[in-house]
Amino acid sequence: MTQREALFEFLQHLGDNTLILSHRVSEWCGHAPVIEEDIALANTALDLIGQAQMWLGLAAEIEGAGRDADALTYHRDSWDFRNLLLVERPNGDFGKTLMRQFLFDAWQALMLEKLARSEHKQIAAIAGKAIKEVAYHLERSGDTVIGLGDGTEESHARMQAALDDLWPYCGEMFNLDERYNALILANILPRMDDLRARWLSKVTDIFDDATLVIPTDNFAHSGGKSGRHTEHLGHLLCEMQVLQRSYPGAKW
Amino acid sequence: MYAQVLDQNDSGVKSREDMSEQEQIFQARIDAGEKIEPKDWMPDAYRAMLIRQIGQHAHSEIVGQLPEGNWITRAPTLERKAILLAKVQDEAGHGLYLYAAAETLGVSRDQLTEMLHQGRMKYSSIFNYPTLTWADIGAVGWLVDGAAIMNQVPLQRTSYGPYARAMVRICKEESFHQRQGFAIMMKMANGNDAQRRMAQDALDRMWFPSLMMFGPPDKDSTHSTRSMAWRIKINGNDELRQKFVDQTAPQIEFLSLTCPDNNLKWNEEKQGYDYTDPDWKEFFAVLKGNGPCNKERLGARVKAWEDGAWVRDGLMAHARKNAARTVAKGENENVQ
């Protein structure tokens, strides 16, 4: 794999994470528990779409095959998507949606902090812009996890169930990928060695306040980063891509 | 979005002799174009009428998220998706803003929500129609928001201060919404055969329901006199409907679409378009609950509220625990 191919892969990983999570979050529109949450969810989805446009736009540019962010979004099939399995998990209840958001935000905030120091100017610039949005996402999802974990008996039980359910999808965030070694050596991508420890420290702090217990079983699903997804992604793409696929070449 | 003035119990205008001294002063302030503020004295009927209108308006914004939200996950480009998300988020913001305006009249958001869910308060009938193709998202912005603006611009001068001020901001956002809707329609109308078919189909289905948004003809509306005297309502239904038709007919022509009303024709003498009234039987049927999507729309709102109860309860419980912890901490520090 050339350095350019590896960078294309990695940028798709970043862009697909935010694209697919944005899709999931936007499914809530009009159905949230309270108007303020409806607004906050739409706002989060909107930020994530903006990030997807930037990452996938850069990915397409690096690829140099005449594609753009829309072409990558609407004309790849699931095996070419590089998002974490975590973000394609169905929404479940509001608690599960916010738990998924928190687990992802905590990872994304750290990742962006590293990427903001990339030697690659465009990557550093996108990360520098996104990091401000994600700092807010993390504050909100963390506060909500604490509020619901430390709320009523029912809200506590639902949040613990959400954590138990999603925990096996977190390990994939930290799988070291040797495809990226050359990029790390070139200071385009940061070293990721301490990512897991720093993430675990952040989520442990929040879960302590939320009175939630991290599962002891460390089994972790993987496959998203190499294009082997869950059954859910295909359905999501059917919905997302329907107009572009049904009316090839149409301008919208 | 916007609320039709529905269900108002408007028993007409009192003559000056029948008014108490307080009522006379109140009416004089309104006639002088003064704004009424939350702490000012106001007749109970004025308060009730405003709660009803602002509440319906707020409900319309919230229910109105559903037909548009229906297409967010299927938006055909990332840019269209982002714009639609931002627009629907605006509508939720309008709802929040309007509930806050209603709260200044002494009714809580929860009370208003309960009345909506029990069917005791209405929302705009337009949202009981489905959004079946992407062109509907264009048509909603162009026609539905267009009609809403027509109604809301005068409301910036309505007599109740908090409502009038809310309208200033809402109108700014709505005019952006309308333009984005028209931009979608232009793309579709200039697109391929399938897109043109979607655009025409959307206009065919949305035209008459959009005309209904102005409410029944003035001659059949017994509700307007008092609300106009109080400047809660500023223009007649027919006047606004005519204005909307006059504005929209040339736009239909510009798009090379065909209006589903064969009688739509410029009338030189009245300097406006002649048009066919919508089917008012359908309008009242939809209001009564028998539109294509009434059950789904209200059902979705009730489900969101009921499914979210544990979230609201959980966050409230946490806030109470936090407050108790803060008090306990303060007491400890005092002891030390």
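Chains A and B meet over an interface in which 46 residues of chain B are in contact with 47 residues of chain A. Keep in mind that this is a predicted model. The two chains bury about 4000 Å² between them, and carbon and sulfur atoms give 67% of that area. Three residues of chain B, namely B:T73, B:L78 and B:W310, supply 21% of the area that chain B buries against chain A, more than any other three residues.

**Where the chains touch**

- Have a look at the charged pairs first: there are 3 salt bridges between chain B and chain A.
- In one salt bridge, the side chain of B:R325 meets the side chain of A:D150, with 2.7 Å from N to O.
- Polar contacts join the chains too, with 16 residue pairs counted between chain B and chain A (both residues at pLDDT 80 or more).
- On the side of chain B that touches chain A, the elements giving two or more residues are α3 (65-69), α4 (78-103), α7 (161-189), α8 (193-212), α12 (294-307) and α13 (309-335) of chain B.
- The element that gives the most to this side is α4(B), with 13 residues.
- Sort the residues on this side of chain B by class and you get 25 nonpolar, 10 polar and 11 charged.

**Empty space inside**

- Rolling a probe the size of a water molecule over the atoms shows where empty space is left.
- Here, the count comes to 5 cavities of 30 Å³ or more.
- The second largest cavity has a volume of about 100 Å³.
- The largest share belongs to α5(B), with 4 residues.
- By class, the lining of the second largest cavity has 7 nonpolar, 2 polar and 2 charged residues.

**Salt bridges across the structure**

- Side chains of opposite charge can pair when their charged atoms come close.
- Over all chains, the structure holds 29 salt bridges.
- One of them lies within chain A, where the side chains of A:K96 and A:D165 meet at 2.5 Å, N to O.
- A:K96 sits in helix α5 (residues 94-115) of chain A and A:D165 in helix α7 (residues 153-166) of chain A, so this pair ties together parts that are 69 residues apart in sequence.

Notes:
Residues numbered from 1 in each chain as written. Chains lettered and ligands numbered in written order. Predicted model: local features only at pLDDT ≥ 70, side-chain atom pairs only at ≥ 80, totals over all residues. Heavy atoms only, no water. Contact = heavy atoms within 4.5 Å. Buried area = accessible area lost by both parts, 1.4 Å probe. Salt bridge = Lys/Arg side-chain N within 4 Å of Asp/Glu carboxyl O. Polar contact = N/O pair within 3.5 Å; in protein donor to acceptor, adjacent residues only side chain to side chain. Nonpolar A, V, L, I, M, F, W, Y, C, P; charged D, E, K, R; others polar. 1 Å grid on protein atoms, 1.4 Å probe; cavity = no way out; pocket = protein on both sides within 12 Å on 5 of 7 lines; lining within 4 Å. Points joined across faces, edges and corners; volume = space filled by probe spheres on them.
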